[in-house]
Amino acid sequence: KEIEKGKYKYFMLKEIYEQPKTILDTLRGRLLIPEKIIYIDGIESNKDIFINAKCITIVACGTSWHASLIGEYLLEELTRIRVEVEYASEFRYRNPIVGKKDIVIVISQSGETADTLAALKLAKKKGAFVFGICNVVGSSIARNVDAGAYTHAGPEISVASTKAFTAQITVLVLLALIIGKYRSTINDRCYEFLCKELGSIPGKVDYALKTDDTIKKISQVYHNANHFLYLGRGINFPVALEGALKLKEISYIHAEGYPAAEMKHGPIALVDENMPVFVIATKKGYYNKIIGNIQEIKARKGKIIAIVNEGDIQVNMLADHVIKIPNISEILSPLITVIPLQLFAYQIAYIRGKNVDQPRNLAKSVTVE
Ligand code: AGP
């Protein structure tokens with residue numbers, strides 16, 4: 001059946017709004033909340049490989065690479081296995097150190113990205129166990145891996161990836177929780193709590209989508225800006241990278257993502273009254289540090305757009321604009337913090353009259369080098 005945009009002007013907006021449902025689809029049959037069980041066939045049937053892993057390398061491109069970085073935080077935190085993340089295009093040409101008993105995870109929405117497919121084949125040739133996280137069923141990557149888990153986000157038409165990204169993160173959370181449980185690197189209380197929190201994600205994403213009106217107003221203020229900075233810390237640093245990539249891809253505005261504390265090692269030189277800075281400032285471990293970073297930007301007259309938790313007071317007083325999202329455990333927060341960034345990129349591109357679904361120079365899947 002032909003896929004339609006329905007009431008949405010662009011597929012990208014439709015796909016952003018589909019996320020409460022697509023995340024639920026990713027969890028369906030895998031997260032059994034009353035039983036507190038997580039089950040993924042491709043992991044269960046290779047249990048020993050995951051239990052005994054010394055190192056996991058995750059390989060991907062673009063947005064899938066950003067999901068991989070989030071996977072690094074998740075897996076290291078919950079499983080205590082060392083994780084390396086590589087761009088597929090670099091991995092395939094640098095004689096990487098992977099061998100027997102090593103796990104390589106490849107992540108790809110399309111399952112057809114040339115560099116990721118080549119990296120997969122190289123990892124297999126070197127004897128690694130390759131696990132795939134793909135969206136497109138029966139794609140080349142899905143057919144070539146040793147085992148895998150589909151993301152079940154449904155067809156993604158917009159060149160700018162949104163729902164596939166949150167589906168990839170969801171699979172990575174499930175993977176980290178299963179392996180953490182196998183290896184007893186998380187206790188039962190933490191495991192059960194995170195299972196419950198994960199079950200609440202679709203509803204919280206739905207709530208985060210309600211920030212759209214606020215974001216439309218902020219977009220009206222900044223659609224003529226030439227540069228943006230995106231800052232985040234910890235597991236939200238890759239979200240900052242993703243927010244910047246979304247804006248670049250569809251609005252053609254220069255944007256950079258940085259770990260907030262790195263700012264003083266260079267990028268702060270760019271900050272003046274013409275530099276809007278997006279800061280992911282949710283109230284978790286890094287909150288006070290982030291407040292310090294915001295003060296440094298304000299002292300240089302930068303404009304702050306902050307993503308905060310409901311009930312936030314301190315950042316609210318400092319920032320020029322705040323976008324309020326629901327509270328969630330830090331480790332699951334990228335699934336919520338990325339939503340306003342996707343909406344913002346969309347709104348800016350829309351105001352600037354760009355072809356949101358088919359940005360210039362880009363293809364949905366990069367099947368050539
Ligand atoms: C995302 O918005 C991009 N269009 C792009 O970076 C994409 O994520 C990348 O090309 C990887 O694609 P894949 O997930 O299909 O392998």
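Reader: Which residue is the bridge partner of V279 in strand 11?

Author: The partner of V279 in strand 11 is A306. Before going further, note that the model is predicted: local features need pLDDT of at least 70, side-chain atom pairs count only at pLDDT 80 or more, and totals for chains, interfaces and linings use all residues. Residues are numbered from 1 along each chain as its sequence is written.

Reader: What makes strand 10 and strand 11 a pair, and what counts as a strand?

Author: Two strands pair if DSSP finds at least two bridges between them. Among the facing residues, P276 stands opposite K303. Strands are DSSP runs of E with at least two residues, helices are runs of H or I with at least four, and both are numbered from the N terminus. By this count the protein has 16 helices and 12 strands.

Reader: Which strand is paired with strand 10 over three bridges?

Author: Strand 8 (residues 227–232) pairs with strand 10 over three bridges, in the parallel sense. There L229 stands opposite V277.

Reader: Why is strand 10 described as largely enclosed?

Author: A residue is buried if 20 or more other C-beta atoms lie within 10 Å of its own, exposed if 12 or fewer, and partly exposed in between, with C-beta atoms placed from the backbone. Five of the five residues of strand 10 are buried, and therefore the strand is largely enclosed by the rest of the structure. In a regular strand the side chains alternate between the two faces of the sheet. Strand 10 is covered on both faces, with P276, F278 and I280 buried on one side and V277 and V279 on the other. Strand 11 (residues 303–309) is also largely enclosed, because six of its seven residues are buried.

Reader: Why is V145 called buried, and what is in contact with it?

Author: V145 has 22 other C-beta atoms within 10 Å, and is therefore buried. Its place is the loop between helix 8 (140–144) and strand 7 (147–150). Two residues are in contact if their C-beta atoms, placed from the backbone, lie within 7 Å. Apart from neighbours within four places in sequence, V145 is in contact with V106, L120, V130, F131 and G132.

Reader: How do you know that the buried residues of helix 2 line one face?

Author: In helix 2 (residues 19–27), the residues Q19, T22, I23, T26 and L27 are buried. Seen down the helix axis, they fall within an arc of 140°, and so they line one face; the arc is that of the directions from the axis to the C-beta atoms. An α-helix has 3.6 residues a turn, so residues three or four places apart point the same way. The elements covering this face's buried residues include helix 1 (11–17), helix 9 (163–182) and helix 16 (334–351).

Reader: What surrounds the ligand, and how are those residues classed?

Author: The ligand is surrounded by 16 residues, the closest being G62, T63, S108, S110 and T113. A residue is near a molecule if its C-beta atom, placed from the backbone, lies within 6 Å of it. Five of the shell residues are nonpolar, 10 polar and one charged. Here Ala, Val, Leu, Ile, Met, Phe, Trp, Tyr, Cys and Pro count as nonpolar, Asp, Glu, Lys and Arg as charged, and the others, Gly among them, as polar. Helix 5 (residues 62–79) gives the most to the shell, with three residues.

Reader: How do you know that the radius of gyration agrees with a compact globule?

Author: For 369 residues a compact globule would have a radius near 21 Å, and the protein has 20 Å, which agrees. The radius is taken over C-alpha atoms, and the globule rule is 2.2 Å times the number of residues to the power 0.38. Buried residues make up 53% of the 369 residues.
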